[in-house]
There are 2 protein chains.
Amino acid sequence: MGIEIKTKGELFIISAPSGSGKSTLIKMLLEEVNNLEYSISYTTREPRAGEVNGKDYFFVSEKEFEEMIKDNEFIEYARVFDKFYYGTAKNQVYSRLEKGIDVIMDIDVQGAYQIMQKGNVDFTSIFIIPPSIEELKRRLVERGRDSVEEIEKRLITARDEIKYLRHFDFVVVNDILEDALKSLKSIVVSERHRVLRIENIYEIYKHFTEE
Amino acid sequence: MGIEIKTKGELFIISAPSGSGKSTLIKMLLEEVNNLEYSISYTTREPRAGEVNGKDYFFVSEKEFEEMIKDNEFIEYARVFDKFYYGTAKNQVYSRLEKGIDVIMDIDVQGAYQIMQKGNVDFTSIFIIPPSIEELKRRLVERGRDSVEEIEKRLITARDEIKYLRHFDFVVVNDILEDALKSLKSIVVSERHRVLRIENIYEIYKHFTEE
């Protein structure tokens, strides 16, 4: 009924120290918000139990990944812990934004910061943090995926990553999962009402001003 | 539990052509969102049936209003339809923001634009628009408060006011009331997570980086 406001799709970059509950939150967010899709990352690491190629990641060889780098197919990529490549391909993002679909990019803090520095992509960035370093440790231990050494390494990385908080647009503390989800939803929904993102503003003016 | 993020209160300026449902939406918003308060405006117009002094408005004489102008007590004020003064007093806003309480200012488009131009106040602005000019007319007729001439005058004003849309941060189309309310809530909640508004960022860094 009446005029319809058309907005461009927005790219949301979501980062967090590992163990902050980011993956769970993103999964829930995608289920609850329409018109929001996930950008599947490319990686050279091995799939973990239960991970599906083309759903959780595109699992590719180091050679394939480096080929894509050469062909300028990535918006961003990074080598994590000097070991595996992770990257976001342009084919996962731009065509959706043009259709007015919002896209979520789940990347590590290093990758997020790289995109911010480059400044060639428009996005809204969200940093999810655990309520405390003690709680982060407890969660990493509880999920039982990593060795003691691996957990110590993740905690050191987390301490370092928190310093990047000030570069992000929004922060969400994941203390109670449901509250954190509500906050994330609000941020996505709110951005859809941003005047700067309206594509048919002239049409709206016309409707209201012409007799 | 753990760290607590403290943010400054935010001033939300909400404007709309009359008949857009702004007052109803603001009333509902205040009921549903914690830590959000309404800035009561001063005006020289007569109270309408049911309006309470100190709740809906502070009803003052023209002499009192002009005294307050002289004493620099207003953040903004305007004379609407060359007839009545409307203004927002500093005492309604600043002390709340300092306490971390968000404040809603309900002002006409002229007043909102005046504040934007001055640039001496931080705020987030929201423009509520009806789904169409036909629907706006229908609502003005239906509420039965104004004469035919008055309605025509309001429609002309509305057509003029819509042109200010591009100066606002957010737009909410009030087609279905419940949807418009959800959008407004999202905008307010989202802004509470803005990193730039964090007051204790150093404390957060400290918690996470100190062993």
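In this predicted model, helix α1 (residues 22–32) of chain B meets α7(B), with their axes coming within 10 Å and crossing at roughly 55 degrees.

- The crossing of α1(B) past α7(B) is right-handed.
- From α1(B), the residues making the contact are Leu25(B), Met28(B), Leu29(B) and Glu32(B).

**Where chains A and B touch**
- Chain B puts 35 residues into the contact, and chain A puts in 35 residues.
- On the side of chain B, the elements giving two or more residues are α5 (133–143), β9 (170–173), α7 (177–191) and α8 (201–209).
- Of these, α8(B) gives the most, with 6 residues.
- The side of chain B that touches chain A has 20 nonpolar, 8 polar and 7 charged residues.

**Chain A as a whole**
- You can find 8 helices and 9 strands in chain A.
- Its radius of gyration is 19 Å, close to the 17 Å that the globule rule gives for 211 residues, so chain A is as compact as a globular protein of that length.
- Along the principal axes, the C-alpha atoms of chain A fill a box of roughly 70 × 40 × 30 Å.
- Of the 211 residues in chain A, 37% are buried.

Notes:
Residues are numbered from 1 along each chain as its sequence is written. Chains are lettered from A and ligands numbered from 1 in the order in which they are written. This is a predicted model: local features need pLDDT of at least 70, side-chain atom pairs count only at pLDDT 80 or more; totals for chains, interfaces and linings use all residues. Two residues are in contact if their C-beta atoms, placed from the backbone, lie within 7 Å. Helices (H or I, at least four residues) and strands (E, at least two) are DSSP runs, numbered from the N terminus. Ala, Val, Leu, Ile, Met, Phe, Trp, Tyr, Cys and Pro count as nonpolar, Asp, Glu, Lys and Arg as charged, and the others, Gly among them, as polar. The radius of gyration is taken over C-alpha atoms; the globule rule is 2.2 Å times the number of residues to the power 0.38. A residue is buried if 20 or more other C-beta atoms lie within 10 Å of its own, exposed if 12 or fewer, and partly exposed in between; C-beta atoms are placed from the backbone. Axes are lines fitted to C-alpha atoms, for helices over the stretch in contact, and angles run from 0 to 180 degrees between N-to-C directions. A crossing is left-handed if the near helix is turned anticlockwise from the far one by less than a right angle, and right-handed if clockwise.
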